[in-house]
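Subject: Structure handover

Hi,

Here is the structure I promised to pass on. Have a look at it first, and then read my notes below.

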Amino acid sequence: MCGGCCRNIDKVEELAEYNNGKGVCVYLSPTTNSCLIYNRRPEICRIDKMYERHYKDTLSLEEFYDLNKKACNEIQEALSLPSSFRLT
């Protein structure tokens, strides 16, 4: 719930329609860092669905989670977010 991914959607072509023009998702709540359309969020924002539809034949679930954790932590570090958000 750090909002790091949602603050970097300009790097994801599939999320272009959600970009507020500054690389931030229009559905990111500025006060809570939560997704305002969580139950209706795009498939690319759903890690488990993305794994099932696109990666299960090439990566184990553990490998996929590890890659996502690494990317998440790198985004957080680049944004200088508190280390309490880091995934282990």
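Does asparagine 73 count as buried or exposed? At 13% relative accessibility, asparagine 73 counts as buried (buried means under 20% relative accessible area, exposed over 50%, and partly exposed in between, with a 1.4 Å probe and protein chains only). Asparagine 73 sits in helix 2, and its contacts beyond four places in sequence are Arg86 and Leu87 (contact means heavy atoms within 4.5 Å).

Before you go further, a word on where this comes from. This is a predicted model, so local features need pLDDT of at least 70 and side-chain atom pairs count only at pLDDT 80 or more, while totals for chains, interfaces and linings use all residues. Residues are numbered from 1 along each chain as its sequence is written, and side-chain values use heavy atoms, with hydrogens and water left out.

Now the two helices. Helix 1 covers residues 47–55 and helix 2 covers residues 61–78 (helices are DSSP runs of H or I with at least four residues, strands are runs of E with at least two, and both are numbered from the N terminus). In general, two packed helices are described by the angle between their axes and the distance between the axes. Here the angle is about 125° and the axes are 11 Å apart (axes are lines fitted to C-alpha atoms, for helices over the stretch in contact, and angles run from 0 to 180 degrees between N-to-C directions). Helix 1 and helix 2 are therefore oblique to each other (under 35 degrees counts as roughly parallel, over 145 as roughly antiparallel, 65 to 115 as roughly perpendicular, and the rest as oblique).

Which residues meet there? From helix 1 they are Ile47, Asp48, Met50, Tyr51 and Tyr55, and from helix 2 they are Leu61, Phe64, Tyr65 and Asn68. The residues of this contact split into 7 nonpolar, 1 polar and 1 charged (Ala, Val, Leu, Ile, Met, Phe, Trp, Tyr, Cys and Pro count as nonpolar, Asp, Glu, Lys and Arg as charged, and the others, Gly among them, as polar).

Two of these residues are worth a click. Phenylalanine 64, in helix 2, is buried, with a relative accessible area of 6%. Leaving aside neighbours within four places in sequence, phenylalanine 64 is in contact with Ile47, Met50, Tyr51, Tyr55 and Leu59. Not counting residues up to four places away, methionine 50 touches Glu43, Ile44, Tyr55 and Phe64.

The largest nonpolar core has 6 residues: Ile9, Leu15, Tyr18, Cys25, Leu28 and Ile37 (such a core is a set of buried Ala, Val, Leu, Ile, Met, Phe, Trp, Tyr and Cys residues joined through side-chain atoms within 4.5 Å). Beyond its neighbours within four places in sequence, isoleucine 37 is in contact with Tyr18, Tyr27 and Pro42.

Last, the backbone. Most residues other than glycine have a negative phi. Asparagine 33, in the segment before helix 1, has a positive phi near 60° and is partly exposed, with a relative accessible area of 21%. Serine 80, in the segment after helix 2, has a positive phi near 55° and counts as exposed at 63% relative accessibility.

Cheers
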